[in-house]
Amino acid sequence: MTTTTAAESGTWTLGGDRPVHRMGFGAMRLTGTAPFHQGVPRDREQSIRVLRRAVELGVDHIDTAAFYFSRTRSANELINAALSPYADHLVIATKVGPVRNVRGEFAEPARPEELRGHVEENLRQLGRDHMDLVYLRLMGQDSLAEHFGALAELREAGLVRHLGISNIQPAHLEEALGIAPVAAVQNPYAIDRRDDKTLALCGEHGIAFVPFFAAAKPGREAQGGGEEHAAVLDVARAHGVSATQVRHAWVLGRGDHVLAIAGTGDVGHLEENVAAGALRLTEDEVRRLDAVAG
């Protein structure tokens, strides 16, 4: 039996100098069966096996954050334990802005002058000297100028190689580009949750578009508890694959600059997600999926 690797998903060059396979890995689910303090903590050794298997399968882009922790697990610590010393080609991306206190509760977002400490905390947890990619994750701000400007200073200082922005509106991208180069944008995007304006704008500027909640069926944040769309299920049956794989394949088909960060804490699901990078939908199937209401 042939094992599908992340190379089947194609390659994109982040920031003009870091080639990565378009099927990556999101670390949020490493810490538990649900994000943050919801659900049950993962077995530590299982999460480490998932990370090492991901790299074996050619995944070279891992998305994480210092605020990805549950009561007894930290995504960054797991990544450090599983993958350090890091391969030169492996890209680790993190996000700063949101703040969780020691009880796991979200507090006021970081002020611009606090972002250096947030980047340094990620570096300590991951055991790295610099971050490959750091996103400013917006928390409802009208302007990102002060915060993104603070990250641009860290890029000049060598703590950060490339900058990204997350949870944005198109105007935020134009604002950021006036301050420093943007390598990636991370926004919610799925068959039933479109953000085509930002996706197209990223393509025009040669910026990676990295969807989150890309594979979650209706009821995303509420643990995806809704019913899957009939069109997604029909396409999945036609290919003998899961609905999740169809969702990943559809997202990757939106443009060569689209990168997936499929997250899981299970080796079997990981292999299934990576295999989605080789799934090719027909033009008719794409039209049917495009017609699903957003």
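A search of the whole structure, a predicted model, finds one cavity of 30 Å³ or more. A cavity is a set of points on a 1 Å grid over the protein atoms alone where a 1.4 Å probe fits but cannot get out, whereas a pocket is an open set with protein on both sides within 12 Å along at least five of seven lines. Local features need pLDDT of at least 70 and side-chain atom pairs pLDDT 80 or more, while totals for chains, interfaces and linings use all residues. Residues are numbered from 1 along each chain as its sequence is written, and side-chain values use heavy atoms, without hydrogens and water.

**Cavity**
- The largest cavity holds about 30 Å³ of space, a volume being the space filled by probe spheres set on grid points joined across faces, edges and corners.
- Its lining (residues with an atom within 4 Å of a point) consists of Leu14, Arg18, Val91, Asp132, Leu133, His162 and Ala183.
- Four of these lining residues are nonpolar, one is polar and two are charged; Ala, Val, Leu, Ile, Met, Phe, Trp, Tyr, Cys and Pro count as nonpolar, Asp, Glu, Lys and Arg as charged, and the others, Gly among them, as polar.

**His162**
- His162 belongs to strand β7 (residues 160–166); strands (E, at least two residues) and helices (H or I, at least four) are DSSP runs numbered from the N terminus.
- With a relative accessible area of 11%, His162 is buried (under 20%; exposed is over 50%, partly exposed in between; 1.4 Å probe, protein chains only).
- Beyond its neighbours within four places in sequence, His162 has contacts (heavy atoms within 4.5 Å) that include Leu14, Arg18, Asp132, Leu133 and Ala183.

- The largest pocket has a volume of about 1,300 Å³.
- Among its 49 lining residues, Met28, Arg29, Phe213, Ala216 and Gly263 are the closest to the centre.
- Helix α8 gives the most to this lining, with five residues.
- The lining of the largest pocket divides into 22 nonpolar, 14 polar and 13 charged residues.
- The second largest pocket contains about 250 Å³, and α3 supplies the largest share of its lining, four residues.

**Overall fold**
- The chain comprises 10 helices and 10 strands.
- Of its 294 residues, 51% count as buried.
- The C-alpha trace spans about 50 × 40 × 35 Å along its principal axes.
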